[in-house]
Protein chains: 2
Amino acid sequence: MDFAARIDTAITRAIHQGQARPSPAKLASALHYTVTPGGARIRPSILMSVAAACGDRTPDLTNAAAAALELIHCASLVHDDLPCFDDADTRRGKPAVHKAFGEPLAVLTGDSLIVMAFEVLARAAVHDPAQAVQLMLILGNRTGMPNGICAGQGWESETEVDLRAYHRAKTGALFMAATQMGAVAAGEDAEPWEELGARIGEAFQVADDLRDALYDEETLGKPVGQDDLHGRPNAVTEFGIEGAIGHMREILTGAIASIPKCPGEAMLAKLVTAQAEVLTPIKWRASQQMTPGE
Amino acid sequence: MDFAARIDTAITRAIHQGQARPSPAKLASALHYTVTPGGARIRPSILMSVAAACGDRTPDLTNAAAAALELIHCASLVHDDLPCFDDADTRRGKPAVHKAFGEPLAVLTGDSLIVMAFEVLARAAVHDPAQAVQLMLILGNRTGMPNGICAGQGWESETEVDLRAYHRAKTGALFMAATQMGAVAAGEDAEPWEELGARIGEAFQVADDLRDALYDEETLGKPVGQDDLHGRPNAVTEFGIEGAIGHMREILTGAIASIPKCPGEAMLAKLVTAQAEVLTPIKWRASQQMTPGE
C-alpha cells in the first residue's frame, strides 16, 4: 500500500470509530467533512517517508502516528478558520467548517479531533507501548504549550513577539513532529531528526508566503492576502518574490544536509529536492532553473 | 498529603511546564487563570477516593490521572463559556476566560489544556506504561466522540436527541472517567466502576438543575437560568423542586449499592452519602431530613 492509501485508511478508521452510534449526527458529519477530501497530507507523508527511510519496522505504529498528526493538523485548520481568528469562509475549496456546520460544531470538531489524535496513538500502544508513549510526548509537545501550534497561534496575541519561537511553533512544530514521529515509529531516536523537520517547516512557511502574495482565492481554495490583513511577518514583504524563492532553496539545501545517516538517506534527499519544485509557484518554474541541493 | 493538596500540586506542575519560556505570555497567563483558584475539584477528588479505596498502589499515576481529568474539565468550561455556546460572562466568581483574555486566547486555552491532559498521562507512563495507556484510553473515550463531553455538547445541536446518550456524555462522562481512572491508577479493572461514576454524574446533573433553578448569579458564581434560556432538559422542570431532591437521593442510594468490593468500600459509601448533603440546596437542608442510603 502506498503512503497516501495508508494515511487515508488510518484516518478513515479513526473517524469511523468517532462516529459509532449513538452519537450526535451533525458533529459526526463535521468530523468526516473536516478530514475528507484531504489536502496534500504533507505532514503525514513526510512522517511516512522518514519512517520508511529508517526501515519502518512497526508499520501499524507508523500508520497511527501519521493519522494522529494529520488529525491535529485538521483540528488546527478548523479552529484557525473561526471568526475570532482568520474568519475564513473557505478551506480546501469548500466552505469552512463553521460556515458549513456553525461555530459551536466547529469548536467541538477541533476539540474532538485533538482528543482523537491521542486516542489513535493510545490504541496503537498494543504494538509497542514505549514507542507509542514517546509518539504522544512528541505530538503533545508540538501541539500544545509552550512549543506547539497552540503557542504559535498564541504569539499572535502578543505585542512583543519572539519571532524565532513564533515561527518554530506556528509552522515548524508539526513538521518537526513529522520527522521525529517518523523516526520514533521506526524505532530510532527523535532528536537527530528535529533539524530536518524545522528546515522543511521554514521552507513551507516561505512557500506559503509566496502563495499568499501571488495566488487568487479560487486557485488557493482559501482566502488570500491574510498576512497583510493580519499584519503577520511575511518573507515576500521582507525579501521580494525572487528573494523569497532563493531563500526557500537555501533552506531546503540545508534540510538535505541535515538528514541523519539512515538506509533511506538518498531517497529522502531526492524527496526534499522534489518538494522545492512543488513549492515554487507555477509561474516561476518555467522562467527559472531549479537548483536546490547545489 | 491530602487529596486537595495532591491535586493542586499535580495541576500546578503541569501548568508550569506549559508556561516554560519562551512562550506567549498572555496564553501562559490564561492557562493559570483557568485552573486557579480551582472549583471544588470534585472529579479528581472522586478519582483519588476510588484510587485510595483500591489501595492507591501507584500514587504518582493517581496524581497524574487526577490532574489530567481536571485539566479536561477546565478546558470544557472555557469552551462552553464561549459566545457561540453559553456566552457566559462569569465563571467561578470571576470573568470568564474569553472576557478576561479575549475569544482567540479562550479557544487556545481550551485546546492547550486538552493537549496538556494527555501529556501529563504520557509523562506518567514512566511509572507504569500499560496503566498510563489505559488511563489515556478512558480519558479519550470520556472526552471526545462519540461518548465524551464533546459528544454531549454536540447533542445540543441536534433536533432529535437521544436523551440517555446526551446525559451520559454531557454530565456523566467525566464522572465515569473519575471512578474508572481511579480504579485503573490503583491497578484495578475499569469496567466494574462505570456504574458508580454514571450514578454520581446523574446526581450532580439533578443538583445542577436545582442550583440553576434556585440560586442567583452572585451565589453561584456563574449565570443562572441557563437551562430555560437554552431549552435544555431539566429535572426541576420535570419533577418540581422536592421531587428533584427525592430523585437525587434515590440515585445516590443506587450509587452506594453499585460500589464494587474493595478495601475502602465503606469509606466510599460514606463519601457518597456526604455528597448528598453537599448537593442538597442549603435552604432545603434544614427543613428535610437526609436519608440517602436507606
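Is the crossing of H6(A) and H7(B) left-handed or right-handed? I looked it up, and the crossing of H6(A) and H7(B) is left-handed; the term applies if the near helix is turned anticlockwise from the far one by less than a right angle, and right-handed if clockwise.

Conventions. I am working on a predicted model, where local features need pLDDT of at least 70, side-chain atom pairs count only at pLDDT 80 or more, and totals for chains, interfaces and linings use all residues. Residues are numbered from 1 along each chain as its sequence is written, chains are lettered from A and ligands numbered from 1 in the order in which they are written, and side-chain values use heavy atoms, with hydrogens and water left out.

Helix pair. I took helices (H or I, at least four residues) and strands (E, at least two) as DSSP runs, numbered from the N terminus. The axes of H6 (residues 103-123) of chain A and H7 (residues 129-143) of chain B come within 9 Å and cross at roughly 145 degrees. Axes here are lines fitted to C-alpha atoms, for helices over the stretch in contact, and angles run from 0 to 180 degrees between N-to-C directions. On the H6(A) side I listed A:Val115, A:Glu119, A:Ala122 and A:Arg123; they meet residues of H7(B), among them B:Val133, B:Met136 and B:Leu137. Contact means heavy atoms within 4.5 Å. The residues of this contact divide into 5 nonpolar, 3 polar and 2 charged (Ala, Val, Leu, Ile, Met, Phe, Trp, Tyr, Cys and Pro are nonpolar; Asp, Glu, Lys and Arg charged; the others, Gly among them, polar).

Whole interface. I noted 48 residues from chain A and 48 residues from chain B in the contact. The area buried between the chains is about 4,100 Å², with 74% given by carbon and sulfur atoms; buried area is the accessible area (1.4 Å probe) that two parts lose on being put together, summed over both. In chain A, A:Pro24, A:Val115 and A:Met145 lose the most area to chain B, together 15% of what that side buries.

Symmetry. A rotation of 180 degrees with 0.0 Å of shift along its axis superposes chain A on chain B, at RMSD 0.0 Å (least squares on the C-alpha atoms of residues with pLDDT of at least 70 in both). The two copies are thus related as by a two-fold rotation axis. I also found that 100% of the interface residues of chain A are interface residues in chain B, so the copies meet through the same surface.

Backbone. A cis peptide bond joins A:Met145 and A:Pro146, with omega about 5 degrees.
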